Amino acid sequence: MRLVKTCLLVTGALWSSVIATHAQSTTGTITGRIADTQELAVPGVTVTVTSASLQGTRSTVSSETGDYVVPLLPPGTYTITFDLTGFAKVVKTTSLAPTQVLPVDAILGPAAIQQDVLVAASSAQVLTRTALVATDFRQDLIAALPTNRDINASLLLAPSVHPTGPGGGYSIGGSMSFENLFMVNGVAVTDNVRGQAYDLYIEDAIQQTTIATAGISAEYGRFSGGVVNVITKSGGNSFSGSLRNTLVNDKWRTLTPFEDITIEADPAHKDTRVDVTVPTYEYTLGGAVLRDRLWFFAAGRNQRQESGRALVGTNLPYTFESRQSRYEGKATYSAIVNHRVQGSFIRSFDEQVNQSQNPATAMDLASLFTAKRPMNLFTVEYSGVMSPAFFVEARFSVRNETLEDVGARATDLVNGTLLVDREGRRFWSPTFCGVCGAEERDGQDLFLKGTYFLSSRGVGSHTMTFGYDGYNNRRYANNHQSGSDYRILNVNSIIRDTDITAQFIGDGATLIQWQPIFVTSEGTNFRTHSAFYSDNWRVSDRVTAVLGLRYDHNDAVDSSGMLVAKGNSWSPRLGMVVDPRGDQQWTISGSVAKYVGALANTVANAASAAGNADAYQFVYLGPDVNADTSGVLTSTAEGIRQVFDWFNANGGASRPTVLAIPVGVTPIIGDDLESPSAWEYAGGISRQVGNRAAVRADVTYRDYGNFYAQRTDISTGRVIDTRAQAPASVRGHSYDLTVIENTDLLTRQYAGLGLQANYRFGVRANAGATYTLARAWGNVDGETGAGPSASAALQYPEYKRAGWNYPDGDLSIDQRHRARLWLNYGLPAVSGLTLSVMQILESGVPYGAMSNAGVNPRPYVTNPGYLSPPVGTGTLYYFTARDAFRTEGQRRTDLAVSYARSVKGLRGLQFFGQLQVLNVFDDFQLCACGAPTVFKDGGAMNSTFIDQAVRTSVTNAALRAFDPFTTTPVENVNWARGPNFGRALNRLAYTTPRTLRLTFGVRF
């Protein structure tokens, strides 16, 4: 109901003001210069563009300098006709990508036979003659290759894109994985918390996906990584549609080395795969209600996933289910020539059975839960030609997501308390609370854009764009971390067969953590107001300059209603494109740009007491429970009861704390919190080889800065908890004050060479390749699997040293080599039969031997006046270089065999089928890049799938304490790698095994 009311109000406002609201543009522009055979400008030429993607035709007339521009064109294949009495008509055909400014020049000769020129029409379009570094993947290529046809399939093919962030998130150009801008039809669909892409699309409804990695226009903001735009179909004058069924079965894959070993070691558990054939149904339908006036498009998808997983530690198999449905409806109306209104609605619903906070740390079935996630996206947009020189665009969108039943189903102390063992694994009760209220993550976009074309002999040709970009990131959440708001840390887990029993030892290592929420959330409103200007200036026939500037103003209100950020940022964007020979073949480009990311909701809202949990840690010093692991064990429920009996009998929450984070007291947000940013320097060279091939090479360097950090030092002072809502046990306590702010004392840099090429052998065959040579280095990763994080490097500086607390080295996202090569070949002997092969070659990612409970610095520092200086359980120590180890690189060959057959007498009707074989040769590497289900391709790297447990003197009494300021710790004396360090924790640590997938259907 909330969405319906919002949509009605917005739609009314839209029509009354003849404008719409936000997102970035999805249209492209065709521009160029027309000259005669003597290279003199030809004014008055009628330029007409037509396309199946365009309602009607668009035309303009070249200026006195021979320049022309046709903006607001939906992406697609275009025919451009140049016509002037007395000259030969010239017809060119070319492909236009979303947001692309495509130069198409023409030479008119004396009246003669019409000239037809095919410029280029590749399924993986390399964008040449532009400073924008991007690749445009058409969905027909993605569907022909052995992929799952979603946004991930395109991202994994693109250069300068590394799936190496936490949980396999995408780092583009060395960014943190939450710093990218993901869009569907120009509307932001980036998750409010972790910054990942929502899957608000149906795969068969996708038309193309454009991935921009450098030289990005000032029109785009709220990112410092890359811009990814998925465009869905819009119908057309001809009726078209499809019906597809994709079959997968968890049994249609081989076993990984991890599964082979665990089955051999534990035959009782045998095979974890689920032998169920799961269909995924998709349909699309589009056409015209009124030719060139009113088009419609509809699509749907329904899937019920079932795949096998295994619990950590016990290897107990269980079945993960995901029941998904998605629907899209779109209407495009052009009541007046050159004016278009488009509205769309996308709905998604996903119910996940046996989900967990992290499958890599879930030890028992009690850690699993069933969660629901309804989501929808409403968009309405307008574009119009006001005059031959002035054009406008506008868009409005509302996105709503609700997370329901995520976490524990009980809130009592026994059944609602989460247990975390000394290896960081979780059991007994789920993380979060599933009965404490739903979470809402919403977004609203507002975008207004004008384009003005100025062309005269005095000033040259200028295509100037300017506009307003407004975005509101809203989150409503009461973020309970467990059902009871308690968790017990550093518990020993006793595993007998598939049963886990907790051992509680009163040795000081086990901690009781209380995380109460005292104030309910009002919901955040993190608004960004932006203005932009960009001038595409054709200086001469051989030189084009792009001059841009963007202004961003944060207006962020946290979940308690407090204004926490109001900073301003300016982002210049400069680019140059040179055609050295003037023949539209070779292009040299360069750009300098500053990108400013979106303000991270979880960071800027971290000081609000509303909806956020305090954190208090107490040392358990009570009686041992299950000290004799070989005897009769006390049940976990009874053990938890005994722990809390001791805790409550000995002061409970009034006991001394080893860690206290009273949210709303400390930390606080600094006065000038700003969004992180990056400076980028890029240069490249490209070559268009006739109408068959294109190749491009780009070098990119980025220097990131303005990082989020927590600062606690003598200058920040102390603060007293005077909150009326706080319990008496903590009210009145003093704390060291922490300030969340920006810092440039940390470093993060990226340098990369990106190559991309494609070649069409003819109608039956095409090939393509992308390659990235890169390095990412510095001393801040800046994120975890939970999303953005503020660095603790500036907290209690007297108790740390950079060399062991935040050392320089290759960052966790670093991936030196990354290549994708593909070939599509239509067999001449069998009409309609196509073989597609893709080769994957890439390096691994680094990790070091480190522990968040690495060393206790207190005995070796004279306290300068802190109330709670760092303790061993909260001090990070790198025992090796941060890049001392690396996962293995992935080498994999995938194959697809496709067959399509048209039905005689039924024009356009075609039956099709495809067999995919991933990892044809069943090669395995310890790459941490396995696919979580048979529905996915795999390839995203998550090094947490490889054991990195380190034992320290803080967590293990057998190891000797050491002075971190004067002593280099010795392995197996002061610290030790865990017994399984560097080994697989689950099957996802290995390359996706040989997997079969089958799809078939009909289209017309």
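**Aromatic pairs**

Colleague: What does F965 count as at its relative accessibility?

Modeller: F965 counts as partly exposed, because its relative accessibility is 23% and that class lies between buried, under 20%, and exposed, over 50% (1.4 Å probe, protein chains only). This is a predicted model, where local features need pLDDT of at least 70 and side-chain atom pairs count only at 80 or more, whereas totals for chains, interfaces and linings use all residues. Residues are numbered from 1 along each chain as its sequence is written, and side-chain values use heavy atoms, leaving out hydrogens and water.

Colleague: How many aromatic pairs does a search of the whole structure find?

Modeller: The search finds 26, a pair being Phe, Tyr or Trp (six-membered) rings with centres within 6.5 Å, stacked under 30 degrees, edge-to-face over 60 and otherwise tilted. Y68 and F82 form an edge-to-face pair, because their ring centres are 5.7 Å apart and their planes stand at 75°. This pair links parts of the chain 14 residues apart, with Y68 in strand 4 (residues 67–73) and F82 in strand 5 (residues 76–83), strands being DSSP E runs of at least two residues and helices H or I runs of at least four, numbered from the N terminus. Both Y68 and F82 are buried.

Colleague: And which geometry do W804 and F965 have?

Modeller: Their ring centres are 6.0 Å apart with planes at 70°, so W804 and F965 are edge-to-face. W804 lies in helix 7 (residues 802–805), and F965, 161 residues apart from W804, lies in the loop between strand 60 (950–952) and strand 61 (975–977). W804 is buried, at 6% relative accessible area.

Colleague: Which residues do ring pairs link into a cluster?

Modeller: The cluster joins Y486, W514, F518, Y616, F618, F644 and F647.
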